[in-house]
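Here are some friendly notes to read alongside the model.

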Amino acid sequence: MKQDIEFLAPLYAKADVNFVKGKGAWLFDSKGKEYLDFASGISVNALGHSHPAIIKAIKKQSEKFLHLSNLFPNEPQIKLAKKMLSLTKFGKEKGKAFFCNSGAEANEAAIKFARKYFFSKGEKNRVEIISFVNSFHGRTYGSLAATGQEKLKIGFGAMPAGFKHVEWNDAEALKKAVGKNTAAIMLEPVVAEGGVLMPSKKFIKTINDLKKQNGCLVVADEIQMGVGRCGAISCSELYGIKADITTWAKPLGGGLPLGMVLMSADIAKNLQPGDHGTTFGGNPVSCAAGLAALEIISKPKFLKNVLERSVQLRAGLEVLAKKYKFLGEIRGEGLLFGIETQKPVADLVAACRNQRLLVLRAGTNVLRLLPPLTITKNEAKEALKRMETAFSIFPLDEK
Ligand SMILES: Cc1ncc(COP(=O)(O)O)c(C=O)c1O
């Protein structure tokens, strides 16, 4: 859109389409054309667009108050914290929650809490955070320093000290990197933005063993995979990763901005008023919307649909990958899919958009699908059909 270019900083390569309305898995442009949304606002719209339960919760809370600050308790925060704790291992461990506004902020807080934990124990040099090549943890300085993609740091000066990156799935390199100053190993259970890279069982075992032997903490970034996308509430728990801190955002606010850190009781007890904070974090309307979404997502029947649609889509994608030589390995968990391609991903994303199917890229050569978790069998079928039509503009045997 011309006005977008005129008034907004050119930080995004935006598609030239003007959406005016959304309903479920569908978006409608100003000409009334329907698009099947397999991007979900980059994993935010877990229940699709305009879900009635979320709208109702937003209306109800907004009639009470929009904002209080964190100087006073508010009920939606308490309810959402209680619910998230009860749905994860942190509930049983008497863990605690911290609310913020976004994924980057949640990771920023997690890094600070991990360092403060060791500081409080008298281990003042234990500040090092070890994360992984190709990971994505956010754009603020701490979360960017943890991010394992050097290209994103160019031009922004020195990153904060105390961050190391190890190749993903390289258990031996990780063993070498962890030492007496390691505060935490920080990982996405599935490296999402960086190419949909799965962890090996050996790698997860190494992380858990290192935590035990070295005493370092484990921080799991659940921001893209958590809250149902993997077919469970917690992807790190699904994979048996023994995290001390988990970070959440994207779908957590039901479509409104919200981030969260869940931490063990041991970590929480070292934090004091004034150590960290935020004006907007845990906004009551966002928490009410998030709670309404979570009540639905956490139902076993809902999560079963995620897994069933996952099987259906994977089978359909395998057929496409057999047919078109330029498609390669299909990776993912639940309703995150990455399809390797030898063609420029931007061309495939555009071809899908021409068929009114919205998809994303991941890394340099991976097409990423992030449908809403509510998709039906027919919508999954329709997406596969549109993808097939989109790919048919390329010759079958072309690499
Ligand atoms: C795994 C992961 N961590 C952190 C972030 C950063 O979240 P936000 O954009 O809300 O700051 C993202 C965003 O894509 C993400 O996928």
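1. The axes of helix H3 (52-64) and helix H12 (residues 284-297) come within 8 Å and cross at roughly 150 degrees. That makes H3 roughly antiparallel to H12, a label for angles over 145 degrees, with under 35 counting as roughly parallel, 65 to 115 as roughly perpendicular and the rest as oblique. The crossing of this pair, H3 and H12, is right-handed, the near helix being turned clockwise from the far one by less than a right angle. Axes here are lines fitted to C-alpha atoms, for helices over the stretch in contact, with angles from 0 to 180 degrees between N-to-C directions.

2. Which residues make the contact between H3 and H12? From H3 come Ala53, Ile54, Ala57, Ile58, Gln61 and Ser62, and from H12 Pro284, Val285, Ala288, Ala289, Ala292, Ala293 and Ile296, where contact means heavy atoms within 4.5 Å. By class, the contact of H3 with H12 has eleven nonpolar, two polar and no charged residues. Ala, Val, Leu, Ile, Met, Phe, Trp, Tyr, Cys and Pro count as nonpolar, Asp, Glu, Lys and Arg as charged, and the others, Gly among them, as polar.

3. A word on the basis of these notes: this is a predicted model, in which local features need pLDDT of at least 70 and side-chain atom pairs count only at pLDDT 80 or more, while totals for chains, interfaces and linings use all residues. Residues are numbered from 1 along each chain as its sequence is written, and side-chain values use heavy atoms, with hydrogens and water left out.

4. Leu348, Ala351 and Cys352 of H14 meet Met387, Ala390 and Phe391 of H15. This contact of H14 with H15 has six nonpolar, no polar and no charged residues.

5. Helix H15 (residues 377-391) also lies across E2, strand E3 (34-37) and E13, running at about 105 degrees to E3. Those strands belong to an open sheet of four, ordered E1-E2-E3-E13, with mixed pairing. Its edge strands, each pairing on one side only, are E1 (19-23) and E13 (357-358). E1 pairs with E2 (residues 26-29) in the antiparallel sense over four bridges, and lysine 21 stands opposite phenylalanine 28 in E2. Two strands pair if DSSP finds at least two bridges between them; helices (H or I, at least four residues) and strands (E, at least two) are DSSP runs, numbered from the N terminus.

6. Strand E12 (residues 336-341) has five of its six residues buried, that is, under 20% relative accessible area, with exposed over 50% and partly exposed in between (1.4 Å probe, protein chains only). E12 runs antiparallel to E11 (residues 327-333) over five bridges and antiparallel to E15 (residues 366-369) over four bridges. Isoleucine 339 in E12 stands opposite isoleucine 330 and also opposite leucine 367 in E15. The E11-E12 hairpin has two residues between its strands, and glycine 334 in the turn has a positive phi of about 55 degrees.

7. Please look at two loop residues as well. Serine 69 has a positive phi near 85 degrees and is buried, with a relative accessible area of 18%. Valine 196, between strand E7 (182-187) and helix H9 (201-214), has a positive phi near 55 degrees and counts as buried at 0% relative accessibility.
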